Amino acid sequence: MTRESSRRRLRRRDRNALIAASLTAMSLTASGCVVVHGERVELPATTRAEAAKALTAFTQAYNKADEAFDSSLDAPYVTGALSDIDAARLKAGHANSPAGNAGHTPLKLTDPKFTIPKKAGWPRWFVVDAKGNKGGDFRWLLVFTRYGLNERWQVSYLTLAVPGTVPAFKTDGDGWAEAVPADSARLAVRPEELSRKYVTYLKDGGETFADGRNTSGLRADRAKAAKRPGLVRQFIDEPLTHGDYAPLALRTADGGALVFFTTHHYEKQTAAAGTSVPVPNKDVLALTKGEVKQSLTLESIANESALVPAGSGPVRLLGRVQGLTSAQGG
């Protein structure tokens, strides 16, 4: 069998599975036996063919926005944490280069792997694991979400993972993945609690998270920064868990879960008497309100992906992308 015929066969199987599920719901309703509510019927979030179209549409919009430094061009294709980070990045770029991005290099996502959970209710969502041509030799993990059949697929989470670290996912006989409820008690940490647990860890430490660049390494970096003579740096971290920032989790083959979650961060820099805060770079200045003299407060959003084991054990941060969204001088 050729590769193309294999793809056609896979697309037909996806389409037939969704059609069969829809026809079953329609026949049950028509027979008068039972009324089937879409929010209670477990269906694949989409077909693999439609997921591929959504990835192409996002990539095209992302490139147009990046080339023009115009957030309106990809705003319909992003939401949640990624929307906040991307809009601020493009706002700063436009302020400093109104004519557009002279250094634009089109984003290319190759070797995409689609993981589509079968679930009831909204939002429906799926994960793409692809090789990107930006940011080094990383795999790009993108979560596409939507809240209705007539809505456009939007990317809510984007994190980067070292090749070989993305886990295998639990799938059924048709290849559909399993979404893990936010309140699942089968994991070391419930997905709905992960954002709060992470910001608590950043402040106080503990054993909830395994050592790594985005856990013990980040705490060490903050401790070192706080000791800089003549400049006090304070950090405030807050969980984000509702609406477009709600965590999303996929069951992994080992019984654990890959969880995507969001956090909200502030860093205040205060200069000693008689000195001033170091002048930030032009992108930070473009997002700063007020004049930077004695202090500068940086506000940012981060989206994380984490491997949470079943039962007990430390959570391992797989990837983390943090972006400045605003700043205030004082």
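Axes are lines fitted to C-alpha atoms, for helices over the stretch in contact, and angles run from 0 to 180 degrees between N-to-C directions. The legends below describe close-up views of a predicted model.

**Figure 1. Overview of the chain.** The chain contains six helices and 13 strands. Of its 330 residues, 42% are buried. Among contacts in the chain with a separation of 6 or more, 67% are between residues 24 or more positions apart.

**Figure 2. Packing of helix H2 against helix H3.** Helix H2 spans residues 48-68 and helix H3 spans residues 80-96; their axes lie 10 Å apart and meet at an angle of about 30°. This angle makes H2 roughly parallel to H3, because angles under 35 degrees count as roughly parallel. On the H2 side, the contact is made by Phe58, Tyr62, Ala65 and Asp66. H3 contributes Leu82, Asp86, Arg89 and Leu90. Sorted by class, the contact of H2 with H3 comprises five nonpolar and three charged residues, with no polar residues.

**Figure 3. Phe69 in the loop between H2 and H3.** Phe69 is located in the loop that lies between H2 and H3. Most residues other than glycine have a negative phi. Phe69, although not a glycine, has a positive phi of about 50°. The relative accessible area of Phe69 is 13%, and the residue is therefore buried, the cut-off being under 20%.

**Figure 4. The open sheet S1-S3-S7.** Three strands form an open sheet with mixed pairing, in the order S1-S3-S7. Strands of a sheet pair through backbone hydrogen bonds, either parallel or antiparallel. S1 pairs with strand S3 (residues 117-119) in the antiparallel sense, over two bridges. Within this part of the model, Pro44 stands opposite Lys118 in S3.

**Figure 5. The cis peptide bond between Trp122 and Pro123.** Most peptide bonds are trans. The bond joining Trp122 and Pro123, by contrast, is cis, with omega of about 5°. Pro123 belongs to the loop between S3 and strand S4 (124-132).

**Figure 6. Asp111 in strand S2.** Asp111 is found in strand S2, which covers residues 109-115. Although Asp111 is not a glycine, its phi is positive, at about 50°. Its relative accessible area is 43%, and Asp111 is partly exposed.

**Figure 7. The buried side of helix H5.** Leu218, Arg222 and Ala225 are buried in helix H5 (residues 216-226). Around the axis they cover an arc of only 65°, which places them on the same side of H5. An α-helix has 3.6 residues a turn, so residues three or four places apart point the same way.

Figure 8. Leu285 lies in helix H6, which runs over residues 282-286. With a relative accessible area of 41%, Leu285 is partly exposed. Leaving aside residues up to four places away in sequence, Leu285 touches Val279 and Pro280. Leu285 and Gly329 are 44 residues apart along the chain, and their C-alpha atoms are separated by 9.3 Å.

Technical notes:
Residues numbered from 1 in each chain as written. Predicted model: local features only at pLDDT ≥ 70, side-chain atom pairs only at ≥ 80, totals over all residues. Heavy atoms only, no water. Pairing = 2+ DSSP bridges. Helix = DSSP H or I, 4+ residues; strand = E, 2+ residues; numbered from the N terminus. Parallel < 35°, antiparallel > 145°, perpendicular 65-115°, else oblique. Contact = heavy atoms within 4.5 Å. Nonpolar A, V, L, I, M, F, W, Y, C, P; charged D, E, K, R; others polar. Buried < 20%, exposed > 50% of the residue type's maximum accessible area, 1.4 Å probe, protein only. Arc of directions from axis to C-beta.
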